[in-house]
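Me: I have a model open and would like to learn how to read it. Please take me through it feature by feature.

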Amino acid sequence: MSRGVLATEKRGMRELGAEEHVGWDEVTQGTLLPSFEKDVDAAHVRPEERPYSDFNSYTATVASWRVIKPVYNRDICIDCQNCWVWCPDTSIVSRDKQMLGIDYDHCKGCGVCVEVCPTNPKSLLMFGESEETEAALAKWPEKKKKAK
Ligand code: SF4
Ligand code: SF4
């Protein structure tokens, strides 16, 4: 469904057709780009079950932007939800206050989740994009002892 409006000559405007796509610099300022194909109570529908429109960033992956990625270690995590709260891209997957992992389609590799993780050692660490999860987990650091 498209409710975009395109400027025409002499300050006119017309509605975009359902299948018509234009570049971002051609869309008239103030155009409405709906997030969903139909009304949805997003607060009560799981992200993967919402009827996203083509304009919603959820439908596009940004995985190719990353050069480093966070890897999650379930064995150390205390489900504090810090990473979920602070991730600027809503890329931490959490259900019923339990951390489940990372949405690698939308994670941009900023490392904020690692910074705010309070465990010792951290339950999230950054690795190169091509590192396999098992290999990353095998390199996990030991618990740091407190200095006396
Ligand atoms: S690296 Fe950044 S975008 Fe990716 S999960 Fe962590 S906080 Fe979110
Ligand atoms: S911040 Fe660390 S300990 Fe807290 S839920 Fe996230 S991964 Fe787990």
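Reply: Start with a ligand shell: by class, the residues around ligand 2 are eight nonpolar, four polar and one charged. Here Ala, Val, Leu, Ile, Met, Phe, Trp, Tyr, Cys and Pro count as nonpolar, Asp, Glu, Lys and Arg as charged, and the others, Gly among them, as polar. This is a predicted model, in which local features need pLDDT of at least 70 and side-chain atom pairs count only at pLDDT 80 or more, while totals for chains, interfaces and linings use all residues. Residues are numbered from 1 along each chain as its sequence is written, and chains are lettered from A and ligands numbered from 1 in the order in which they are written.

Me: Which residues come nearest to ligand 2?

Reply: A residue is near a molecule if its C-beta atom, placed from the backbone, lies within 6 Å of it. Of the 13 residues around ligand 2, the nearest are Cys77, Cys80, Cys83, Cys117 and Ser123.

Me: What surrounds ligand 1?

Reply: Ligand 1 has 13 residues around it, with Cys87, Cys107, Cys110, Val112 and Cys113 closest. That shell holds eight nonpolar, three polar and two charged residues.

Me: How do I read the strands β4 and β5?

Reply: Strands are DSSP runs of E, at least two residues, and helices are runs of H or I, at least four, numbered from the N terminus. Two strands pair if DSSP finds at least two bridges between them. β4 (residues 92-95) and β5 (residues 98-102) pair in the antiparallel sense over four bridges. Serine 94 has methionine 99 in β5 as its bridge partner. The two strands form a hairpin with two residues between them, and aspartate 96 in the turn has a positive phi of about 50°.

Me: Is leucine 16 buried, exposed or partly exposed, and why?

Reply: A residue is buried if 20 or more other C-beta atoms lie within 10 Å of its own, exposed if 12 or fewer, and partly exposed in between, with C-beta atoms placed from the backbone. Leucine 16 is partly exposed because 17 other C-beta atoms lie within 10 Å. Its place is in the loop between β2 (13-15) and β3 (68-72). Of the 148 residues of the protein chain, 11% count as buried.

Me: What is the overall form of the protein chain?

Reply: Along its principal axes the C-alpha trace spans about 75 × 30 × 30 Å. Domain bounds come from an automatic or database assignment, which here gives domain 1 (5-58) and domain 2 (61-138). The C-alpha centres of these domains lie 31 Å apart.
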